[in-house]
Amino acid sequence: MMKGKAIEKILFHHTFKAYLFTSFLGVLGGLLVAFFSQFPHDDLWGLALFSSMTFGFWMCTCALMALFSSKNYVSGLHVALYVYFMFYVTGIFKRLAVVRLGYNTMAYFYNGFWQELAYGIPAAVGCFGLAFVLWYGRKSKPLSVVLRFLPLVFIIAEAAVLIVKVVTVRQGLLMSIVDTICAFIYARIVLRYAKETNT
């Protein structure tokens, strides 16, 4: 029988505590987006690119979450919660920014606590589907192995584009570094936990 490599490690389970932890990670992600969005995106470091126009960091974290979940629907739920709460916090921060700039009142900000509940649903639903499919990258079949490394290909491609941008127009240095680090971490983790199995 042909031997392949499957991922056997499980970090994300179908428990309330696990989903709560993932939601907390989403809140932290939203706070990171809010923090970096206060900086310019068109200077050398391009700190605001962390919150828009780049996906390497999110691809890395979501893909690892999906691959290390216990079931396909569990991976979808974890990634959906992570993305949903990241969008929710980001939406609330955007409302606060509008108020701070004097374009609206605090009532607008307070209303956002419930109005923004729908903001992240489309992205969460889409990411649920992608995570559901990516979970099969845990398997040892050739197509599964290809699926497993597609996020890495995306991260490397984005890193390459950003590096070219840094060299040519001197913008986006932070995210080129972040994407490069994410690519290294993703590859190292996936290769480390891939085990030989009989298929």
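**View 1. Gly-29 in helix α1.** Gly-29 lies in helix α1 of this predicted model. With a relative accessible area of 5%, Gly-29 is buried, because buried means under 20% relative accessible area. Residues up to four places away in sequence aside, Gly-29 touches Trp-58 and Met-86. A separation of 20 Å lies between the C-alpha atoms of Gly-29 and Phe-184, two residues 155 apart along the chain.

View 2. Phe-184 belongs to helix α7. Its relative accessible area is 55%, so Phe-184 counts as exposed, the cut-off being over 50%. Phe-184 is one of the residues in a nonpolar patch on the surface, together with Trp-45, Ile-177, Ile-181 and Ile-185. The accessible area of these patch residues together is about 490 Å².

**View 3. Ser-176 in helix α7.** Helix α7 also holds Ser-176. Is Ser-176 buried or exposed? Ser-176 has a relative accessible area of 5% and is therefore buried, as the limit is under 20%. When residues up to four places away in sequence are not counted, Ser-176 is in touch with Leu-162, Ile-163 and Val-166.

**View 4. The largest nonpolar core.** This core has 33 residues, and Leu-67, Val-79, Met-175 and Tyr-186 are the ones that touch the most other members. At least two core residues come from each of the helices α1 (16-36), α2 (56-67), α3 (72-100), α5 (121-134), α6 (142-169) and α7 (173-193). In soluble globular proteins, nonpolar side chains tend to be buried together.

**View 5. Surroundings of Val-79.** Which residues are in contact with Val-79, leaving aside its neighbours within four places in sequence? They are Cys-62, Met-65, Ala-66, Cys-127 and Ala-131. Val-79 is also among the core residues that touch the most other members.

**View 6. The whole chain, for orientation.** The protein chain has seven helices and two strands, arranged along the sequence as β-α-α-α-α-α-α-α-β. Its C-alpha trace spans about 70 × 45 × 20 Å along the principal axes. Of the 199 residues in the protein chain, 43% are buried. Among contacts between residues at least 6 apart in sequence, those joining residues at least 24 apart make up 74%. The accessible surface of the protein chain is about 11,100 Å², and carbon and sulfur atoms account for 74% of this area.

How values were computed:
Residues numbered from 1 in each chain as written. Predicted model: local features only at pLDDT ≥ 70, side-chain atom pairs only at ≥ 80, totals over all residues. Heavy atoms only, no water. Core = buried A, V, L, I, M, F, W, Y, C linked by side-chain atoms within 4.5 Å. Buried < 20%, exposed > 50% of the residue type's maximum accessible area, 1.4 Å probe, protein only. Helix = DSSP H or I, 4+ residues; strand = E, 2+ residues; numbered from the N terminus. Contact = heavy atoms within 4.5 Å. Patch = residues over 30% accessible without salt bridge, like charges linked within 9 Å, V, L, I, M, F, W, Y side chains within 5 Å. Areas by Shrake-Rupley, 256 points an atom, 1.4 Å probe, with all protein chains shown as cover. Salt bridge = Lys/Arg side-chain N within 4 Å of Asp/Glu carboxyl O.
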